[in-house]
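Hi,

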Amino acid sequence: MTLTFGRLSAKRVIAVGLGEKPTMGSLRQAAGQAAGVAQKAKIRHLAYCVPSWLGESQALAAAVSEGAALASWRFSGYHQKPRQKDEALTKITLLGFSDQKECEAGMQRGKILANAQNLTRELGSRPSNELYPQKLAEAAVEAGKTYGFDVEVFDEVKLAELKMGALLGVGSGSVYPPRLVVMRYQGGGDKTLGLVGKGITFDSGGISLKPPAGMEEMKYDMLGAGAVLGAMTAIAQLRPPINVVGIMAIAQNMPSGSSYKPGDVVTAFNGKTIEVTNTDAEGRVVLADGVSYAAHLGVDWIVETSTLTGAAIIVLGHEATALVATDDALASQVETAANAEGERVWRLPIYPEYRKLYESDVADIKNSPGRDAGTITGGMIISEFAGDVPFAHLDIAGTAWTKAGPLNAKFGPTGVMVRTFAALAELMA
Ligand code: BES
Ligand code: ZN
Ligand code: MN
């Protein structure tokens, strides 16, 4: 075989195009496509001829191994008779590298990032009767043990002690009480990055009930928290010299006799009051406590992510994550990290005029300002709880879940923002 320089006798060759303008992203994707084809053909060992002219060896190796591992992931599901699984791709070999060490380091990095995203995807696939708040918190505890970071879980008793009335309010309609999870990675140095995620294990809308069509998809309303957890596992293995606090604000939004209701006023951890005008705008309410707790811990930046608004899908479709930031420097660092990882983010403006949209007559703010600039006001409302800490909000409502497929998986959670967060931790270090 000429392609393998006579060193391997490949039985089959898969040719995958990299597009007109090849990038690390298209390489990652092409590697995934090849892995998908290989799996269908029950090929267990795949050798990649990596185009060495495309970039540095370590980045090339990372992109290929990451793409292969992302494409190999499947949610196992709950069928009585387990679905026949595609034959697992058990081994990949990279050809055309002169430096073995760099190649291995790159492959290791790719594997770490892919596994982190796959953890997030796994959690996003699990239905809410199986992944309710306590279970999501337990997943964090388990990950902390495996990857070596500290995890603290606040149950409903502790949340009441801390006066987290916002998270408790959203969680009050469910028999599964809410949780706040604080994860800590100590990489040293004097800076701390705060990551905060929305963890609504199911969003029925609550008393402001959603229409039934497509409501089953609202099991993935915890993917902001899922991304923070996935990122923590990656960061704990990549070990950048920075401290990272990851917070998950977790609740199940349900209608019941004990639910929070339109007209209710809840008080967040930082003392700010919120008039609830729509119980379906619950993300910003739980994040009020999550973000104000991050600020209380004295982090230097807060980057928050959530499946926050349907409006984000109206603006950007499923092709980019909406960014709303109070700080230009932080916004551009988030953009740099996202660009480096091939995850699209698009910044929306904050104009002071928008503030009056969420003014309330009875409380400091109201949670549901109406349709105008919905993605922006969502981000701005959450930013009110960051105090003076530079703040960025990433609305992943359109990007956290795909119907067309992350690589060749048919549909499901993408694990978006895991890579960006890992890169951001390295960038800020
Ligand atoms: N979780 C939803 C947003 C969402 C919608 C995510 C579709 C993914 C796909 C969120 O809690 C919500 O219901 N938002 C409301 C906000 C409104 C009431 C201000 C929305 O977007 O309609
Ligand atoms: Zn929601
Ligand atoms: Mn909602």
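The donors of the manganese ion (ligand 3) are spaced D-x76-D-x1-E along the chain. Donors here are N, O and S atoms within 2.8 Å of the metal (3.2 Å for Na, K and Ca); water is not among the atoms, so sites may look incomplete.

This is a predicted model: local features need pLDDT of at least 70, side-chain atom pairs count only at pLDDT 80 or more, and totals for chains, interfaces and linings use all residues. Residues are numbered from 1 along each chain as its sequence is written, chains are lettered from A and ligands numbered from 1 in the order written, and side-chain values use heavy atoms, without hydrogens and water.

Manganese site. Asp203 (OD), Asp280 (O), Asp280 (OD) and Glu282 (OE) are its protein donors, 2.1 to 2.2 Å from the ion. The 6 donor atoms subtend angles of 71 to 169°, so the arrangement is irregular.

Zinc site. The zinc ion (ligand 2) has Lys198 (NZ), Asp203 (OD), Asp221 (OD) and Glu282 (OE) as protein donors, at 2.0 to 2.4 Å. Their spacing is K-x4-D-x17-D-x60-E. With 6 donor atoms and angles of 79 to 171°, this site is octahedral (six donors, opposite ones over 155 degrees apart, all others between 65 and 115).

Asp203 bridges the two ions, which lie 3.2 Å apart.

Burial. Glu282 is buried at 0% relative accessibility (buried means under 20% relative accessible area, exposed over 50%, partly exposed in between; 1.4 Å probe, protein chains only). Lys198 is buried at 2%, and Asp203 at 3%. Asp280 is partly exposed at 22%.

Best regards

Note on methods
Four donors count as tetrahedral if all angles lie between 85 and 135 degrees; four count as square planar and six as octahedral if opposite donors are over 155 degrees apart and all others between 65 and 115; anything else is irregular.
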